[in-house]
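Here are a few exercises to work through with the model open beside you. Each one comes with a solution that goes step by step.

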Amino acid sequence: MKLLNYIKGKFEEPGSAEWMDNLSPSTGKVIGSVPLSGESDVKLAIAAAREALPEWSGMDPSGRAEWLDRIADCLEEKFEEIAYLESLDTGKPISLARSVDATRSVSNFRFFSEMIRDMEDEIYEMEDATNIVKLRAVGVGALITPWNLPLYLLSWKVAPAIGMGNTVVCKPSELTPLTADLLMRVIDEVGLPSGVVNLVHGNGNSGSMLTGSPDVDLVSFTGGTSTGAKVAQSASPQFKKLSLELGGKNASIVFSDCDLEETVKGVTRAAFLNQGQVCLCGSRILVEDSIYERFMEMFVESVESMVIGDPMDDDTELGALISKQHLQKVQGYVSLALEEGGQIVTGGEPCLPKELEGGNWMSPTVITGLGTETRCSTEEVFGPFVTVHRFNSEHEAIEIANNTRYGLAGSIWTMDLEKGRRVAENIHSGMVWVNTWLHRDLRVPFGGVKDSGVGREGGKWSLGFFSEPLNVCVRHD
Ligand code: TXE
């Protein structure tokens, strides 16, 4: 599969004439080539977006909402293709690509279409004047997305961005370009006015040309924390609107009064969904001392029963890691865990399912015996790797949970819902679930604090981020 950029309504070869290989995570084989876009490609895409801006931002919001619906309909027709391409490109199980990636990509467009259709100006009356607050487009947006949830996250940005009247240039991860290409085919098929959505493929350099361009007004980035810092640095001199959704090292806190069976299921899912490559994954499991042994017995059994295998197989629960380089990083943390005094309870080995040699395989790994200050217990690993720790009191659980530079999410497992809420309110993060995980209502804010990012997206927070409010105050005597 040879992919092309999508600029001003046309699929184009990169002016740079440079290409990168796209590798299958499950076999290591080349499955296609992707443009490595250079300065001229990025400039053309930005210029196309700028040219399309006046007409698009001048359209009535309900008109733009209709376009979002058309995109959603067309994506829905390609549901199976989305799942197939996402599984092929990321190495994730096809069942997950269907239930999470394909499903959410369609619903992101539907959800924002409805919100934008229902949007009204705010009115504030004074004795002698009327204030109207109107949300207007910001301008040209750069939307940069990672490899773990490619279309899910791209659609989460494109839908509200264009819905609010902005025009955009997308830069998907070079590791997973296939469904971004599919979205451009959909946009082309429905006939969205040219230049409203443009896409340049490429690596971090291509991304930084976008974020640093003086002709880009807004940057929405999801990816690693250190990359987020570079993005902020390149975007801030021009005071661009900036949203950063970065990494996490989230705690799953298991109290002795939890429903143990449900908790083990939930904590296993939170730890290993998408091979642990979700920023929300619960990679530090804190267990109340009195049930520690019983929990560990059930948890290890649950982890060892997960089916690892061909991502295209319907029964597969754990697929491959995204790249060789990432696999080496995660394996490096296994060695580090031993150096830091931990024990491997299960996993820790590369595992190669039959006929998939050459892929990036690793068994789900559970580490115990580490101090809560160690690097393995506080740094984001972003793989099938969790550490388990004991605690004795509510206070201690909160202290351990907060002992990291990240602050994205967390989950609490207890039958005492009041305690669940009380503990949740003391966790320094953007999102906390009680007796559930990744239970998403698209109306609520999504994002983190500390090194997990800046700003929120989701519901009215997305509409706010992708717009500028204008206050018109009209005096009437
Ligand atoms: O992501 P990057 P990588 C974490 C995870 C992982 C680490 C690195 O810990 O191990 O990040 O992953 C583009 N200016 N997460 O290297 O580099 C890049 O091309 C502008 C957490 O794959 O952050 C891609 O499109 N753009 C995360 C996107 O940024 C730049 C999900 C993300 O790439 C750029 C993924 C630059 N200077 C990884 N450099 C989450 N929070 O979900 C790179 N890019």
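**Exercise 1.** At what angle do helix α2 and helix α4 pack, and how far apart are their axes?

*Solution.* Keep in mind that this is a predicted model.
- Step 1: Find helix α2 at residues 61–77 and helix α4 at residues 94–117. Their axes lie 8 Å apart, and the packing angle is about 165°.
- Step 2: Angles over 145 degrees count as roughly antiparallel, so α2 and α4 are roughly antiparallel to each other.
- Step 3: For the handedness, α2 passes α4 in a left-handed crossing.

**Exercise 2.** Work out how α4 and α5 are oriented to each other, and describe their contact.

*Solution.* 
- Step 1: The axes of α4 and α5 cross at roughly 10° and come within 8 Å.
- Step 2: The limit for roughly parallel is an angle under 35 degrees, and α4 and α5 are therefore roughly parallel to each other.
- Step 3: On α4, the residues in the contact are V100, D101, R104, S105, N108, F109, F112 and I116. Among their partners on α5 are P150, L151, Y152, W156 and V158.
- Step 4: The contact of α4 with α5 divides into eleven nonpolar, four polar and two charged residues.

**Exercise 3.** Which residues make the contact between α5 and α6, and is the crossing left-handed or right-handed?

*Solution.* 
- Step 1: Helix α5 spans residues 150–163 and helix α6 residues 178–190; their axes come within 8 Å and cross at roughly 45°.
- Step 2: The crossing of α5 and α6 is right-handed.
- Step 3: P150, L151, L154 and V158 of α5 make the contact with T179, A180, L182 and L183 of α6.
- Step 4: By class, the contact of α5 with α6 holds seven nonpolar residues, one polar and no charged.

**Exercise 4.** How many residues surround the ligand, and which are the closest?

*Solution.* 
- Step 1: The count is 26 residues, the closest being W147, K171, E174, G224 and K329.
- Step 2: Start with side chains. In W147, a side-chain N or O atom is 2.4 Å from an oxygen atom of the ligand. For E174, a polar side-chain atom lies 2.7 Å from a ligand oxygen atom.
- Step 3: Turn to the backbone, where an N or O atom of L246 lies 2.8 Å from a nitrogen atom of the ligand.

Terms used
Residues numbered from 1 in each chain as written. Predicted model: local features only at pLDDT ≥ 70, side-chain atom pairs only at ≥ 80, totals over all residues. Heavy atoms only, no water. Axes fitted to C-alpha atoms, helices over the stretch in contact; angles between N-to-C directions. Helix = DSSP H or I, 4+ residues; strand = E, 2+ residues; numbered from the N terminus. Left-handed = near helix turned anticlockwise from the far one by under 90°. Contact = heavy atoms within 4.5 Å. Nonpolar A, V, L, I, M, F, W, Y, C, P; charged D, E, K, R; others polar. Near = heavy atom within 4 Å. Polar contact = N/O pair within 3.5 Å; in protein donor to acceptor, adjacent residues only side chain to side chain. Parallel < 35°, antiparallel > 145°, perpendicular 65-115°, else oblique.
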